[in-house]
Amino acid sequence: MQGTLYLLDGAGTGGGRRVVVVDASGRHVRTMGRPGQGPGEFQRATQLVVWEDGHVLVEDRRAGYHLFGPDGEFERMVREIGGGAGFAVARRPVSRPNLRPERTSVLTLLGRSQRTIQRVDMSSEEVRDRVLVEAWTPVEREAPRGSSIEETWIGEEWGFEPDLLFDALPSGGVAFSDSSAWAIRLTDASGAVSRILRRPIRPLAVTARMERIELERRLEAESNRTITGSAPPPEIVQWFVDNIRPQQREAIENMRFFPEVPVIVTVRTTWGGALWVQRSPGPGSAEPGPIDVIAPNGRYVGTLEPGAAALPNMPDAFGPDGLVALIETDEFDVPVITVRRVPIAIR
């Protein structure tokens with residue numbers, strides 16, 4: 001249904017409890033899933049994907065993937081081969097971060113694994129994937145420092161490393177950023193780069209002060225890192241984390257830095273194929289950066305300045321006819337979903 005909104009309820013509390021569906025007017029349509037350990041029951045649901053035909057996939061970090069049909073009925077589980085570690089450190093990303101529904105195929109996703117973008121097939125009982133795009137790997141990166149579990153787990157720490165950012169295009173291709181520059185690569189459905197969009201915005205040079213602030217930020221984050229989950233972790237897990245932490249802190253203290261601050265921090269595509277590209281506000285700033293809007297034909301449309309009531313930040317989801325959804329918080333820090341309609345010119 002056009003404008004239907006799907007919400008993973010409770011995802012910020014260690015694992016979502018259910019999927020709530022509301023229609024375009026805000027009326028409750030249905031609820032999918034519930035807490036539990038059986039098929040269609042969530043243990044640690046952390047990610048929600050909805051295809052245009054209404055199929056729903058919920059990533060459960062302890063069980064695999066729950067697949068629901070357009071009518072909301074549970075269909076089956078999809079398992080990761082070799083998965084099931086049973087725990088996670090809060091600093092670490094989910095197993096397949098930022099999954100996006102492929103726009104030209106049902107039960108197919110686009111996902112990321114380190115510096116590659118993958119096409120992920122959810123049509124059977126086991127996840128199948130293949131590399132679609134090999135992104136640029138920064139040449140400064142070195143091989144792992146050793147072969148032990150600790151050295152492989154930790155690796156080197158880098159500041160201001162350009163992230164691999166991507167979203168799905170309506171054509172079946174991908175729009176992605178993989179460097180410090182303002183450069184968006186567009187691919188066809190096969191993953192071949194067909195075009196590169198650029199804007200004359202130079203990255204900031206990293207200064208000694210920036211390095212110091214980033215080092216302090218990373219050390220503080222490491223000190224505050226916890227093991228997620230509602231129950232105490234198994235003894236072996238706690239032992240592993242306690243033994244890893246001193247080495248992790250040492251790696252941060254010896255971290256190296258890239259020479260420039262990446263320009264782009266977020267890449268999203270709208271329902272109609274326009275690109276919304278959010279720029280970094282600069283190191284240490286808590287304010288959202290400006291958003292450059294690029295038409296489907298590659299033409300620069302303009303730049304939006306977030307922070308106002310009309311557009312507090314980059315939308316969390318894009319829908320048909322210019323609808324966007326944003327997750328905001330009220331004066332009591334309670335999450336509130338706001339749905340807005342953006343002008344035709346920037347859709």
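1. Terms first: helices (H or I, at least four residues) and strands (E, at least two) are DSSP runs, numbered from the N terminus. The model is predicted, so local features need pLDDT of at least 70 and side-chain atom pairs count only at pLDDT 80 or more, while totals for chains, interfaces and linings use all residues. Residues are numbered from 1 along each chain as its sequence is written, and side-chain values use heavy atoms, with hydrogens and water left out.

2. Phe160 sits in the loop between strand E14 (158-159) and E15. Its phi is near 60°, a positive value in a residue other than glycine. Most residues other than glycine have a negative phi. Phe160 is also buried, at 12% relative accessible area; buried means under 20%, exposed over 50% and partly exposed in between, with a 1.4 Å probe and protein chains only.

3. Leu107 belongs to the loop between strand E10 (100-101) and strand E11 (108-113), and with a relative accessibility of 13% Leu107 counts as buried.

4. Next, the four-stranded sheet. This sheet is open, runs in the order E15-E16-E17-E18 and has antiparallel pairing; two strands pair if DSSP finds at least two bridges between them. At its edges are strand E15 (165-168) and strand E18 (193-198), each of which pairs on one side only. From one strand to the next the twist averages 20°, where axes are lines fitted to C-alpha atoms (for helices over the stretch in contact) and angles run from 0 to 180 degrees between N-to-C directions.

5. Strand E17 (residues 183-187) is joined to E18 by five bridges, the two running antiparallel. Across that pairing, Leu186 is opposite Arg195 in E18. The hairpin of E17 and E18 has five residues between the strands, and in this hairpin Gly191 takes a positive phi near 95°.

6. Phe176 has Arg185 in E17 as its bridge partner. A hairpin of five residues joins E16 to E17.

7. The largest nonpolar core has 13 residues, of which Trp182, Ile184, Leu186, Leu197, Ile264 and Leu275 touch the most other members. Such a core is a set of buried Ala, Val, Leu, Ile, Met, Phe, Trp, Tyr and Cys residues joined through side-chain atoms within 4.5 Å. At least two residues of this core come from each of E17, strand E22 (264-269) and strand E23 (275-279). Apart from it lies another core, of twelve residues, including Val49, Trp51, Val78 and Leu109.

8. Leaving aside neighbours within four places in sequence, Leu186 is in contact (heavy atoms within 4.5 Å) with Leu169, Val174, Ala175, Ala192, Val193, Ser194, Arg195, Leu197 and Leu275.

9. Two buried polar residues deserve a look. Asp178 is in the loop between E16 and E17 and is buried, with a relative accessible area of 3%. Its side chain makes a polar contact of 3.3 Å with that of Arg185. A polar contact is a pair of N or O atoms within 3.5 Å; within protein, one must be able to donate a hydrogen and the other to accept it, and residues adjacent in sequence count only if both atoms are side-chain atoms. Beyond four places in sequence, the contacts of Asp178 include Arg115, Trp136, Asp163 and Arg185.

10. Gln248 lies in helix H3 (residues 235-253) and counts as buried at 1% relative accessibility. The side chains of Gln248 and Glu157 make a polar contact of 2.5 Å. Gln248 and Gly155 are 93 residues apart in sequence and 8.7 Å apart in space, C-alpha to C-alpha.

11. Finally, a three-stranded open sheet has the order E1-E2-E3 with antiparallel pairing. Strand E1 (5-9) and strand E3 (28-32) are at the edges with a single partner strand each, so one side of each has no neighbour in the sheet. Five bridges pair E1 with strand E2 (residues 18-22) in the antiparallel sense, and Asp9 has Arg18 in E2 as its bridge partner.
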